[in-house]
Amino acid sequence: MQIVSDSSIFEKKTFNILGIDPGTDTIGFSIIKVNIDDLKIVSVTPWTEKVSRFLDEDSFEVQIHSAKYSRLRLISEKFSHVLTVFNPTVIASEAPFFNRFRPNAYAPLVETVFTLQRALHLWDDYKPLYMIDPPSVKKAVGAQARGDKDAVKKAIKLIKELDMVDFNTLDEHSIDATAVCYCELLRLRG
């Protein structure tokens, strides 16, 4: 019996972890390139996509379907592009959370995550989208569970192996995506 595998990961000696901070319009992404031998970080690439920048409110699609439909389609396209360009081995997203002060935000966030899952399965039906609850992400980077909005930023700046990133130049979405990515890396390290 011959075992066939993708040997390119072994030739490169690195693999990519993709972290996602999902949103209905603004999505944070982060790629952590990891050495396959010792699971040390080689590079970190965080960024944010604002989907509404690409949404034409006067388009035929919006007029026929809705702005929400078009936004979800754009999210799917952007995510598919990220998957194709970075070819991540592991993909993790912050799980939707229910905010009692903004209860109407939960359902659209679930729709967004479902859109991401569907796009991932169309790209590679065998790769899971790992969901990480917000308290676990905060704990992984050393932030207080009920801290202020900058708690993750303050905590992640103290992580020595992430000091290659200038977190002062990033928004909360790309910072949160990097925290999700780092949390998944810690899980892989055991």
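Start by selecting Ile-17, then find the residue standing opposite, Val-90 in strand β4. Keep in mind as you look around that this model is predicted.

**Stop 1: the neighbour on one side.** Colour strand β1, residues 14–21, together with β4. The two strands run parallel, and four bridges join them.

**Stop 2: inside β4.** Now select residues 90–94, which make up β4. Is this strand buried or exposed? Five of its five residues are buried, so β4 is largely enclosed by the rest of the structure. In a regular strand, side chains alternate between the two faces of the sheet. Show the side chains here: Val-90, Ala-92 and Glu-94 lie on one side, with Ile-91 and Ser-93 on the other, and both faces are covered.

**Stop 3: on to β5.** Next, pick strand β5, residues 129–132, which pairs with β4 in the parallel sense over four bridges. Click on Glu-94 and look for Ile-132, its bridge partner in β5.

**Stop 4: the largest pocket.** Which residues are closest to the centre of the largest pocket? The pocket holds about 1200 Å³ of space, and of its 39 lining residues the closest to the centre are Glu-94, Phe-97, Asn-99, Lys-138 and Lys-149. The most comes from α7, with five residues. Finally, colour the lining by class to see 19 nonpolar, six polar and 14 charged residues.

Note on methods:
Residues are numbered from 1 along each chain as its sequence is written. This is a predicted model: local features need pLDDT of at least 70, side-chain atom pairs count only at pLDDT 80 or more; totals for chains, interfaces and linings use all residues. Side-chain values use heavy atoms; hydrogens and water are left out. Buried means under 20% relative accessible area, exposed over 50%, partly exposed in between (1.4 Å probe, protein chains only). Two strands pair if DSSP finds at least two bridges between them. On a 1 Å grid over the protein atoms alone, a cavity is a set of points where a 1.4 Å probe fits but cannot get out, and a pocket is an open set with protein on both sides within 12 Å along at least five of seven lines; lining residues have an atom within 4 Å of a point. Grid points are joined across faces, edges and corners, and a volume is the space filled by probe spheres set on the points. Ala, Val, Leu, Ile, Met, Phe, Trp, Tyr, Cys and Pro count as nonpolar, Asp, Glu, Lys and Arg as charged, and the others, Gly among them, as polar.
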